[in-house]
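Here are a few exercises to work through with the viewer open. Try each task before reading its solution.

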Amino acid sequence: MPHDSRTTSPARPMRADARRNYDRILAAAAEAIAEQGAEASLEEIARRAGVGSATLHRHFPSRQQLLEAVFRDKVEALCAGAADLAGHPDAGQALVTWLGAVATHAVSNRGLAASLMRGAHDGDPTLGATCHAMIVTAGDALLARARHANAVRADVAIADLLTLVNAICLAVEHEPDGAAQADRLLNLALTGVGPTRQS
C-alpha cells in the first residue's frame, strides 16, 4: 500500500487545518520548484502557501522531505491520470495519452529527480523504487487494456515503453521547449514515420 504522506503517523490522521496547510505548502512548493528548480526558497514557498516558516518546517523538517513529498504527489497524480484513462473508449489512445503525460512529467521534473538522488542518503531510501513501481503498475493496466483491444503488439512490455519515454526525455532535456519536443518525438515513435493515412 502506498505511503500516505498526509498523516502524521499511521494511527493518527492530521486535523483539518493541518491538512489544509500541508496541501497548501505542497501546492506552493510544486509551483515554486517548477519555476525556480529544486533549490527554490523555503521562505518563498511558505509565503506562497500563506503559512509561517515554522508551519512549513513542522510539516517538512528538511528540504529533502519537502522535495520527496512534491515528487510523490506528482507521481500519485500521474497514476490517478492512468486510472481516469482506464475508462477511455479507445484503449490505444488512452495508453498514448498517458505516455505523453509521463513524458511531460519526466521533462518537467528532471531537476527535481536529480536533486532527490543527490540527497537520497538524507531521505526515504525507498522513494525511487516505490514511485517507479507505482508508474509501472499504472501503465501496465493501460497496456493490458490496449493489448486486449489489439491496439498494440503482444510483445510490447510497459518497461519498453517507459524506457522509450525516458530516452526521448533525456534527448530533449536541454531544449527550451523540452515537453513539446518530447511529445512530438514520442508520437513519431509510437505512430511511425510513414505518411498519415486519410480516413
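**Exercise 1.** Find the handedness of the crossing of α8 and α9 in this predicted model, then describe how the two helices pack.

*Solution.* 
- Step 1: The crossing of α8 and α9 is right-handed.
- Step 2: Helix α8 covers residues 158–172 and helix α9 residues 178–191; their axes come within 9 Å and cross at roughly 140°.
- Step 3: Antiparallel would need an angle over 145 degrees, so at roughly 140° α8 counts as oblique to α9.
- Step 4: On the α8 side, the contact is made by Leu161, Leu164, Val165, Ile168, Cys169 and Val172. Helix α9 contributes Gly178, Gln181, Ala182, Leu185, Leu186, Ala189 and Leu190.

**Exercise 2.** How many aromatic pairs does a search of the whole structure find? Classify the geometry of what turns up.

*Solution.* 
- Step 1: The search gives 1 aromatic pair.
- Step 2: Its partners are Tyr22 and Phe60, with 5.1 Å centre to centre and 35° between the planes.
- Step 3: Stacked requires planes under 30 degrees apart and edge-to-face over 60, so the pair of Tyr22 and Phe60 is tilted.
- Step 4: Tyr22 sits in helix α1 (residues 16–36), while Phe60 lies in the loop between α3 (53–59) and α4 (63–85).

**Exercise 3.** Are Tyr22 and Phe60 buried or exposed?

*Solution.* Both Tyr22 and Phe60 are buried.

**Exercise 4.** Which residues does UniProt mark as "DNA-binding region", and what is the helix content there?

*Solution.* 
- Step 1: The unreviewed UniProt entry places this feature at residues 41–60.
- Step 2: Over residues 41–60 the chain is 75% helix and 0% strand.
- Step 3: The end C-alpha atoms of this stretch are 14 Å apart.

Definitions and conventions: Residues numbered from 1 in each chain as written. Predicted model: local features only at pLDDT ≥ 70, side-chain atom pairs only at ≥ 80, totals over all residues. Heavy atoms only, no water. Phe/Tyr/Trp six-rings, centres within 6.5 Å; stacked < 30°, edge-to-face > 60°. Helix = DSSP H or I, 4+ residues; strand = E, 2+ residues; numbered from the N terminus. Buried < 20%, exposed > 50% of the residue type's maximum accessible area, 1.4 Å probe, protein only. UniProt positions renumbered as here; feature names shortened; annotations may be inferred. Axes fitted to C-alpha atoms, helices over the stretch in contact; angles between N-to-C directions. Parallel < 35°, antiparallel > 145°, perpendicular 65-115°, else oblique. Left-handed = near helix turned anticlockwise from the far one by under 90°. Contact = heavy atoms within 4.5 Å.
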